[in-house]
Every structure is written in structure tokens, then in C-alpha cells.
Amino acid sequence: MRATLILENGSTFVGQSIGSTEERVCEMVFNTSVVGYQEILTDPSYAGQGVVMSYPLIGNYGVNEEDNQSRQPWVEAFVVRHLSERGSNFRCTGTLNDYLKEHHITGIEGVDTRALTKILRSQGSMNGMITCAEHFSVAEVMEKLKAYHVQGTVERTTCETVSVYGEGNQYKVAYLDFGTKQNLVTCLVDRNCQVTVFPAHTPAEEILSRSFDGVMLSNGPGDPADCTDIIEELKKLYASNLPIFAVCLGHQLMALATGAKTERLGYGHRGANHPVKDLTKGRVHITSQNHGYVVVGDSVDPAVAEVSYVNVNDGTVEGLRYKNGRVFTVQFHPEANPGPVDTAYLFDDFIALMGGKNHAEMS
């Protein structure tokens, strides 16, 4: 079946429908990963967005339940150059196309994803619509695209109830779920942590009233500045002097809670090969990333925090180390999935903080 992708700038791409045939409006972004499409589909940070995969062959190893990063896929739409008809892998339990249909993800294949990625990179992420209709009004489509805004995504993706993982393990971690990838929790459990996962809007008092050794703030979708009530609670957690480790959206929210500002990137950082420099050690790591907002470096109060990591490609802030010695945050994903595990040592640094070490001892 024929499908058409229409962008907010008026560009159109015609291809074949994959997945659901439902009409879909969302923010279109691109990801440069070669593998890891199932982890991308199930990453809550993509809520409200459609993903263009710049790599031309997607779906060649199929899908399986083990690679899911959350309870369901969150990507609204999926755009590929070529979708493999079958998967070849010893863990494969189904095809990607069937997976897209099962989860009502609208998709299109057979389009020039290189040209599409160049548009999104040069003009910035923008809204788009995928439709299987033979005839449609361009004017009506443009009205829908202009009216669409990604909002309320943290509320949609956070957990509804408190859950405990790794019960009985040594370090007691309070984990705030803003739309988390499961491997973040797994990385803590594997390091002898008992992780209590709380919904995003949990009051700080509920966490502080219990004997936790540390707090972790997860990744998540949307504009961090929209999370005003969460930011107020994080101010209280910061003042508590508990060790805090934050990733992605959690990193941005902690920066806002301590007086810094965030801004939207033109096209974001999404992929598994982003170079980041550790300013303390002078080393460059290859990281997995998925974000459209960053902390404004000039807005960080040097009396509160210092920039600890920067993006090698564009110089944007990729990490902050707070002067109280108990809080550190990063923009990238140390848990990977998909991507390299160069920065998995950050979980060990968090364990060291909970064990009583300070940043000087960790460096």
C-alpha cells in the first residue's frame, strides 16, 4: 500500500506502508544507529516522536522480548529505507513489520532516508504526517502539523505504582522514573543495589522519609522546562545531601532545579556513536544519546557546579559535577542499549558515593 510522509516545511516523500496504516502526526527526528531499532522503539524518550533511521537496512535480525527497554514501544512513527522481510538471529521471535503492526506504529519504507535526514539536520526537527490516503488536502495537513505539540509525555511514560528490584541487595536506591529505560535499573541491580522505582511526581518527602543510600533520576521525554512541579521536588532532594546520579532528562531537571537553563537543539543528538570528552581525565568516550534539549553552559553557576563532559561535535554540555561533592549528572546514556558501554563506570562512581567516597577519591 502506498504511503506518504509530509513534513512541516512542505517536503513530501512517497513510499510503501509498513506497520499500522493509521494516519499519524508527530515530531520527526533522526537516529544514526546501525543496530538497536527495538531498543529505540521502546525508549520512552521518543514519546510523541517519529524516528527516521538513517542506516538503510532495518529489521534484519527481527525482534524478541529480551531487547525491550520498557513496557511498550513509544515511537509514534517509523521511517526506513528498506525493511527486511524476515529476521535472521538465534533470538528472533518475529519480524519487525509484524511488531510495528501489533503495537499500532505507523511506518513507511522505500523513501530516501539520507535526503530526509539532511533536511532534518539542516532545518531542524519538525512535525510530520504519515498517511495512506490516496487524496488529501495539503492545507489541512499543514494545519494539523502546525497544531501538534509534544506535551504530557512524562505523565504518559512514567510508572503508575512503586516497584522494587534487586530486593535484599546492599545499596538502597530511590529511583525516580521520568520515562526510564529498563537497562538503567538493571545496571544498578547488577551492582548490588536494591532499586525502588517511584512515579515521576513522587513528593521528595516520601523519599526522604525512608532510609535510602542514594537517588537516581532517569531519562525521559519532552521539554524539561515543562516539569515545573518535579523541579520543585528536586530542589528538596538536592538540599538533602543524598548522593544523586542523573541521566538525560534527569540531568536537565537537576540543572533547572539548581538555577541553570535549558534550550532546544536544532536537530538533537540521537544515535550510538556520539563522542563525549571527559574534561577531568582528558579522555573521549563514544556514547549512546537521545535528546533534543541541553543545559546552557553559560547559565551554570560556577559556585554550584562545573561542566564535566562536553560533546566533541558541537561543544554542548554533556555532564555536570556539583560542588557539594554528592551530585553528578550526564546527558548521555551510560547504560547504552543500544550503543557502547564506555561510560558504564559512572554506575560504579555512584556506588562509591553511596559508600562514602567523595569525588576527589573517585577521580
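User: Which residues does phenylalanine 178 touch, not counting residues up to four places away in sequence?
Analyst: In this predicted model, phenylalanine 178 is one of the residues with the most contacts inside the largest nonpolar core. Leaving aside residues up to four places away in sequence, phenylalanine 178 touches Val154, Thr157, Ala200, Leu217, Ser218, Asn219, Gly220, Pro221, Ile230, Leu249, Gly250 and Leu253.

User: How are the rings of phenylalanine 245 and phenylalanine 347 arranged, stacked or edge-to-face?
Analyst: Phenylalanine 245 lies in strand E14 (residues 244-247) and phenylalanine 347 in helix H10 (residues 345-354), 102 residues apart, and both residues are buried. Their rings are 5.7 Å apart centre to centre, with 80° between the planes. Because planes over 60 degrees apart count as edge-to-face, the pair formed by phenylalanine 245 and phenylalanine 347 is edge-to-face.

User: Why is the pair of tyrosine 309 and phenylalanine 332 edge-to-face?
Analyst: Tyrosine 309 in strand E17 (residues 305-311) and phenylalanine 332, in the loop between strand E19 (327-330) and H10, are 23 residues apart, and both are buried. The ring centres of tyrosine 309 and phenylalanine 332 are 5.3 Å apart, and the pair is edge-to-face because the planes stand at 75°.

User: Which residues do ring pairs link into a cluster?
Analyst: The count of aromatic pairs comes to 8. Ring pairs join into a cluster the residues Phe245, Phe328, Phe347 and Phe350.

Terms used. Residues numbered from 1 in each chain as written. Predicted model: local features only at pLDDT ≥ 70, side-chain atom pairs only at ≥ 80, totals over all residues. Heavy atoms only, no water. Phe/Tyr/Trp six-rings, centres within 6.5 Å; stacked < 30°, edge-to-face > 60°. Helix = DSSP H or I, 4+ residues; strand = E, 2+ residues; numbered from the N terminus. Buried < 20%, exposed > 50% of the residue type's maximum accessible area, 1.4 Å probe, protein only. Core = buried A, V, L, I, M, F, W, Y, C linked by side-chain atoms within 4.5 Å. Contact = heavy atoms within 4.5 Å.
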